[in-house]
Amino acid sequence: MYFLGKLGWCVSLLASHCQWFKRTGAALLFSSARDLGFGCACSSLRLSPVCSSCLQVIVDTPTSPVTSGLPLFFVITVTAIKQGYEDWLRHRADNEVNKSNVFVIENAKQVQKESEKIKVGDIVEVKADETFPCDLIFLASSSTDGTCYVTTASLDGESNFKVMEMDGQHVTKAGACAECVCVMINWRMLLQHPSPRPQLYLTSPPSVCSSSESAAKSLGPENLLLKGATLKNTKKIYGVAVYTGMETKMALNYQGKSQKRSAVEKSINAFLIVYLCILLSKATVCTTLKYVWQSNPFNDEPWYNEKTKKERETFKVLRMFTDFLSFMVLFNFIIPVSMYVTVEMQKFLGSFFISWDKEMYDEEIKEGALVNTSDLNEELGQVEFVFTDKTGTLTENSMEFIECCIDGHKYKDCISEVDGFSQTDGPLKYYGKAEKSREELFLRALCLCHTVRIKQADQVDGLIGHPECKNTYISSSPDEIALVKGAEKYGFTFLGLENDFMKIRNQKNETEMYQLLHTLNFDPVRRRMSVIVRTTTGTLLLFCKGADSSIFPRVQQEEIQQTKVHVDRNAMDGYRTLCVAFKELTQKEYDRIDRQLNEAKMALQDREEKMAKVFEDTEADMHLIGATAVEDRLQEQSAETIEALHAAGMKVWVLTGDKMETAKSTCYACRLFQTSTELLELTARVVGESERKEDRLHELLMDYHKRLIQDVPKPRGSLKRSWTLSQEYGLIIDGSTLSLILNPSQDSSSSHYKSIFLQICLKCTAVLCCRMAPLQKAQVFPLYSPLTEASGPCALTCGLSDHWGMWIEGKQINFSDNAMLQWRPFLYWTFLGAFEGLVFFFGVYFLFHNSSLEDNGKVFGNWTFGTIVFTVLVFTVTLKLALDTRFWTWMNHFVIWGSLAFYVFFSFFWGGVIWPFLKQQRMYFVFAHMLTSVSTWLAIILLIFISLFPEILLIVLKSIKERSHQSSRKAPKSVSSRPSVTPLLLRTFSDESNVL
Amino acid sequence: MAVNYSAKEEADGHPAGGGPGGGAAAGGGGAVKTRKPDNTAFKQQRLPAWQPILTAGTVLPAFFIIGLIFIPIGIGIFVTSNNIREYEIDYTGIEPSSPCNKCLNVSWDSTPPCTCTINFTLEHSFESNVFMYYGLSNFYQNHRRYVKSRDDSQLNGDNSSLLNPSKECEPYRTNEDKPIAPCGAIANSMFNDTLELYHVENDTRTAIPLIKKGIAWWTDKNVKFRNPTGDGNNLTALFQGTTKPVNWPKPVYMLDSEPDNNGFINEDFIVWMRTAALPTFRKLYRLIERKSNLQPTLQAGKYSLDITYNYPVHSFDGRKRMILSTISWMGGKNPFLGIAYITVGSICFFLGVVLLIIHHKYGNRNTSADIPN
């Protein structure tokens, strides 16, 4: 329990901008491994170079601290700068939000505050087109009906306007003025609210009770304005802050995603462990060998190389330990510190290329791709599963009324306005008619049963006087707008809601008034909504519209048949169908319903269940009037996109709440399914409704499993993508079957359904999940986590625009061989490295058996030995890089040849001067002298060639192997047989929908 | 090598006309900053690229060519190396029969110095200039502690370092509170045997003139190593305040009678200071120049080597050698490089043949399969 106005929780401040100081500071202090910018479970690995540079101060080391400290310093600096830059960008973005000014009512005065200083309990004023600075409870609105419109596009990508209602009991209808709000402050309101939860909508918002009325009032999601949402079409509103800062729904949702680690980083970490083991064993072996060698006193301390007093007096154990550490320092370069920087910088620069990509630029909204974090760039190329919503993603979410059917008679377009409903123009449009009264009832139902509001373009007098005035409809669902517009076409125009009265202009241009008594809002579980209205004559009517599956069981069974035919046909054509039903209520019935509804609304516990129960009871025994068909057009180029995704070997999952037929035809239209795709169905239709459905499901699963997995010969190459298979499979599953699979009944034998199902899914190029409840959509996603163990689930939300919002799940290519796939190149490179190291050393070693390599008999020393090895190393590595370079742009030429030239130049330069700041002039003229020897040249060339030889050989073998594969694989053409996409907006769906 | 020059521009299907349009948009948007990405080849990743494709067809000829180049080079080096005359005497004196056996346990300060003479016979004459090396075995001049133990600024004539040598020189930094010049383990253990070569003809010994200059790197002698500077050229005065290395019989300014080969710029000293890479090494000791075109530098016959045996190696199981060698363009005798070249060239050639056969087998099948297409 908190008192409003009390300095409750923390001052809202998104803390992320502190991160840089934390990170960088710590990184520079070498105090925390996480802060080198890579943080992970085995982050202590990163400490080893740090440790070694520290050790060098303590231990007598073979390399100077500068030698290993300088690269480390460079690495840390670069990482810190990169992290700092990214954090600075984030910080700037935070600041934009945190420092933006908002108006807060304090002590009856309007005060301007930075939004980060909002405290819980502050009353905040938000103007049109502003975003809410924190989670607010809606208190007052400038609009007369106490509502406001909100778009949550930046939260969930849905651009619809949502209608928010204020708690009518507390706010006078006089509209919101600052004074009124101030009055409210003096109310002693108690706010009882649950602790913050991340779910955006599954929320039980706080309940408010005002002590003056001593009646508890509970609030629903329609009273809660979420941070990040934008106020639309309402001049201003007032709200009281309930969650601020890190406790807002948005921040809670954001937190979960902050730890993103890409597969590359994970595998690097795994490899690093191997290298660490190698390093440790190397150091151990070398220490042991050192003491074995030193056990001979001639070797330990010959007369020419005596130890200092200090060295002699040190404890043997301590000496062994410091020797071990010295070897660690000496070999610490096996841990590729620079690789981190390279990887980080690659990602960082790669993110620039993403944002520079012209193809990603949207002319309409004038924005290109935005990269929020560069952590997961490379993962984008490894995405294998794309989960997409249908409505609003594949389709435009702009609905158009197509046709309707009343009592089984079809009505389509072009009914002349003048002569009313009864006439249609042209014989083609004539499908038979229903009774006039039924038609009118149907249209009235369309006009009344919705939550559409009207926004007046001009407030002057455009209410009834000008029927042509461009009133725009606003609703949370575009379907409703389409239906209201559809009704308008047939002569019934909805004129708006005024003081609980809905006004309708009928075909005869008369205005009818209906008192809106109750709205039983739409929810995805019920899949229907109802209104209860009172006509001017006092008749009480309940209109209900909803999905056929939820309407048909609630109406007289004999009415269904004719309408069902239409509904099914429309669904096959890819239209969204809704059924409309009505019921007359007696006053007595209404009183009961009214009472129950109010009780349920006031309930503090189990409110949802109680409401659901009342709705269930109310919406029963109705009469079916008709059905509507609304078209949701496909997005431009969605077919091309799906095609491209398929071609890239990705598997697309479409999750939709639509009925199967609708979804299926949409999927055909957007090329998710091809005519050649063999469809596997796991829907209520095939499984059946009987109690035997579990057995049937079992049968089906086994059958599909057999067809897809056991019978298909395993492809030889592990890297083969699914599209090379001759037959493509698509899977259709509906919500009820999915829940049967995911939540099997007590029967333990069915618990492995899940894994079988997943295996089937992996083989399918496309999966359509229809009739999904929103909760189920969320369930599908973690389904894949067991498969993604190796790489871990990582969800990206690319809200590039309203056009494509997607979750992208990164996964390794094939879960059975991914271990091999990762380790093979690693082992290859490691062994290659070992081989090259042996070649470098022993090549020069044998060469130095006679160290007089110049033509004047003078001899070379140990520094020349090292210089030759290092020169060979530099050239080999650079040339190997050149061998692996596929595209040689001028930059590649510049960098590769440039680094070789720079190496030579620098070696001359470094050796050409007696450096006053160096204690020892070891390299003086060593490089130049080395180059005067012909033998050295020959040896260097030979050793480089030997080192590169395995790589070249491998290329040749690969190319030979490929050719042999090609020749044996010529006959079945491996190119995908998908036809290219034709423009799809005009395509009819019906010719493709009869495959099964 | 088959190469593909592809301007990726065309491959990606970007209309070439897009460039000016994008430029105009960016240029026109001076007032209103457009967020439209620039249509530059770099930003759109359309830089013209060269795509070398390494295939069997292109690499296999390279194998042959490399094989054909490497084998002759290898043979050339091998022959050259074999033509080098080299004669080596181990004068450590391990074997009791050896004349130097008496000196085996010599110590640094034994006076008078132990001397011994070894007679040997050259079977073949040495035609060109002969280089005389001394060789040491099991001597770890590459030991980390040893390599560090020097002060290069002292050796470069820096006066402050002369009197205050670097700590790296420990435990050969000071002796009796006087700084050691030159300090450090390397200098301290300088090789100090004297080798003299005589040609023995009818029991008369003719000394063969050994040139002691020109054995060190020019840059070392002239730049890296310098005597301390000061008033006058008297080295004794310049080295005032320092002491000789512990194991040396005489101070550094008495290494040689000639002033340009004395002190730090003594070439024997410089050669010793260039530490060897491996525990078995040789260092240039003296040059024997060919006097006339008619006579070989060392004709076949009997020779005797007089050794002033000062340098103890027995304590660490070491060996001492004297090596006489001629030099070719590739340096001293070393069969490794020639053999390596021949081996690599042969492998290359052999693999080229094998792979060509395999390649042809598949290639033929491939072309036959191509025909019906």
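**Strands, bridges and an interface**

Author: In strand E25 of chain A, Phe401(A) has Val630(A) as its bridge partner. This is a predicted model, in which local features need pLDDT of at least 70 and side-chain atom pairs count only at pLDDT 80 or more, while totals for chains, interfaces and linings use all residues. Residues are numbered from 1 along each chain as its sequence is written, chains are lettered from A and ligands numbered from 1 in the order in which they are written, and side-chain values use heavy atoms, without hydrogens and water.

Reader: What makes E15(A) and E25(A) a strand pair?

Author: Strands are DSSP runs of at least two residues, helices (H or I) of at least four, and both are numbered from the N terminus. Two strands pair if DSSP finds at least two bridges between them. E15(A), residues 395-406, and E25(A), residues 623-634, are joined by eight bridges and run antiparallel. Therefore they count as a pair.

Reader: Which strand pairs with E15(A) over four bridges?

Author: E16(A), residues 409-412, does, in the antiparallel sense. Cys404(A) stands opposite Tyr411(A) there. The hairpin of E15(A) and E16(A) has two residues between its strands, and Asp407(A) takes a positive phi near 50°.

Reader: Why are E4(B) and E9(B) called edge strands?

Author: The order in this open sheet of four strands is E4-E11-E8-E9 (chain B), with antiparallel pairing. E4(B), 114-122, and E9(B), 204-207, each have a single partner strand, so one side of each lacks a neighbour in the sheet. From one strand to the next, the twist averages 30° (axes are lines fitted to C-alpha atoms, for helices over the stretch in contact; angles run from 0 to 180 degrees between N-to-C directions). E8(B), residues 194-201, pairs with E9(B) over four bridges, and Tyr198(B) stands opposite Ala207(B).

Reader: How many residues does each chain give to the contact?

Author: Chain B gives 98 residues and chain A gives 84, with contact meaning heavy atoms within 4.5 Å. The area buried between them is about 8100 Å², 64% of it from carbon and sulfur atoms. Buried area is the accessible area (1.4 Å probe) that two parts lose on being put together, summed over both. On the chain B side, Arg145(B), Trp217(B) and Leu278(B) lose the most area to chain A, together 9% of what that side buries.

Reader: What makes Lys919(A) and Glu168(B) a salt bridge?

Author: The rule asks for a side-chain nitrogen of Lys or Arg within 4 Å of a carboxyl oxygen of Asp or Glu. The closest N and O atoms of Lys919(A) and Glu168(B) are 3.4 Å apart, so the pair qualifies.

Reader: Which element gives the largest share of the chain B side?

Author: Several elements give two or more residues to that side, including H3(B), 56-83, and H11(B), 335-370. H11(B) has the largest share, 17 residues.

Reader: How do you know that the bond from Glu170(B) to Pro171(B) is cis?

Author: Its omega is near 0°. Pro171(B) lies in the loop between H6(B), 159-163, and E6(B), 174-175. A cis bond also joins Ala181(B) and Pro182(B), with omega about -10°. Pro182(B) is in the loop between E7(B), 178-179, and H7(B), 185-188.

Reader: What phi does Asn138(B) have?

Author: Its phi is positive, about 60°, although Asn138(B) is not a glycine. Most residues other than glycine have a negative phi. Asn138(B) sits in the loop between E5 and H4 of chain B.
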